[in-house]
Amino acid sequence: MRIYKAKDYEEMSQKAANIIAAQVVLKPECVLGLATGSTPIGTYSRLVEKYEKGDLDFSKVTTVNLDEYKGLPRENDQSYYYFMHENLFDKVNIDPASTNLPDGTKEDSDAECARYEALIQSLGGVDLQLLGLGHNGHIGFNEPADVFEKDTHCVDLQERTIEANKRFFASADDVPRQAYTMGIGTIMRAKKILVVVSGEDKAETVAKAFFGPVTPQVPASILQMHPDVTVVADEAALSKSPV
Ligand SMILES: N[C@@H]1[C@@H](O)[C@H](O)[C@@H](COP(=O)(O)O)O[C@@H]1O
């Protein structure tokens, strides 16, 4: 695991965008695994800037997103579909047909999760997976649990996650209670993983996830077992870690 300490959010975003850009330049037809949440927004803006300057071409890139709220239609401005279009897809030359997310409107969880998992495998797997880190150590929507869930599945969101995400909704009651998410196995099968983390409020979680024991109670801790992980975190997020 490589840990890159950035000065602040801006530097974290720049460094993460450089790593993603290098992947696209080296393999234009790559599969990028993408993430939502507030942390990667700066990374996406830097990628858009690179595209606008003519330094990046997304025309052959395929994307698969980590997760989606169950029950939210695409037009809902809190759906991850909407987020991805707003922050990246509509601003670069990616083919919309090559962008993929779980479909939150599908009622049959087992069928939708099986479809999504099969789709990822049919693409030959993910070349570079971008991840954020939840306050409770979740990645995607893999919440702390007794076991690591392997494949794409439907999760019940935990109170802390609903609390953290309610800032985006009119009230906590409007936050969906379930989501579809890639599993830990799906994430771990990615060839490379890039984690972005920012802020003092994640410092405890960063220390546990990357320097503590590997346990499903801190889902991100499994990343210590992956052969090619880069963590790009700012000084505040690393303030409780031995680096
Ligand atoms: N499902 C997403 C995660 O993929 C993300 O990492 C997390 C942290 O978000 P933020 O970056 O806003 O702290 O939020 C959501 O729960």
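Tutor: The model is predicted, so local features need pLDDT of at least 70, side-chain atom pairs count only at pLDDT 80 or more, and totals for chains, interfaces and linings use all residues. Residues are numbered from 1 along each chain as its sequence is written.

Student: What makes the radius of gyration of the chain agree with a compact globule?

Tutor: The radius is taken over C-alpha atoms, and the globule rule is 2.2 Å times the number of residues to the power 0.38. For 243 residues a compact globule would have a value near 18 Å; the chain has 17 Å, so the two agree. The C-alpha trace spans about 45 × 40 × 35 Å along its principal axes.

Student: How many helices and strands are in the chain?

Tutor: Seven helices and ten strands. Both are DSSP runs numbered from the N terminus: helices are H or I with at least four residues, strands are E with at least two.

Student: Why is A190 called buried?

Tutor: A residue is buried if 20 or more other C-beta atoms, placed from the backbone, lie within 10 Å of its own; 12 or fewer means exposed, and in between is partly exposed. A190 has 24 C-beta neighbours inside 10 Å, so A190 counts as buried. Buried residues make up 44% of the 243 in the chain.

Student: Where is A190, and which residues does A190 touch, not counting those up to four places away in sequence?

Tutor: A190 is in the loop between helix 6 (184-188) and strand 9 (192-197). A190 touches G33, G125, V126, L128 and Q129. Contact means C-beta atoms, placed from the backbone, within 7 Å.

Student: Why do strand 4 and strand 7 count as edges of their sheet?

Tutor: Three strands form an open antiparallel sheet in the order 4-8-7. Strand 4 (67-69) and strand 7 (153-156) each have a single partner strand, so one side of each lacks a neighbour in the sheet.

Student: How do you know that strand 4 pairs with strand 8?

Tutor: Strands pair if DSSP finds at least two bridges between them. Three bridges join strand 4 to strand 8 (residues 178-181), and the two run antiparallel. Y69 stands opposite A179 in strand 8.

Student: Which residues come nearest the ligand?

Tutor: Of the 14 residues around the ligand, G37, S38, T39, G132 and G134 come nearest. Near means a C-beta atom, placed from the backbone, within 6 Å.

Methods. Contact = placed C-beta atoms within 7 Å.
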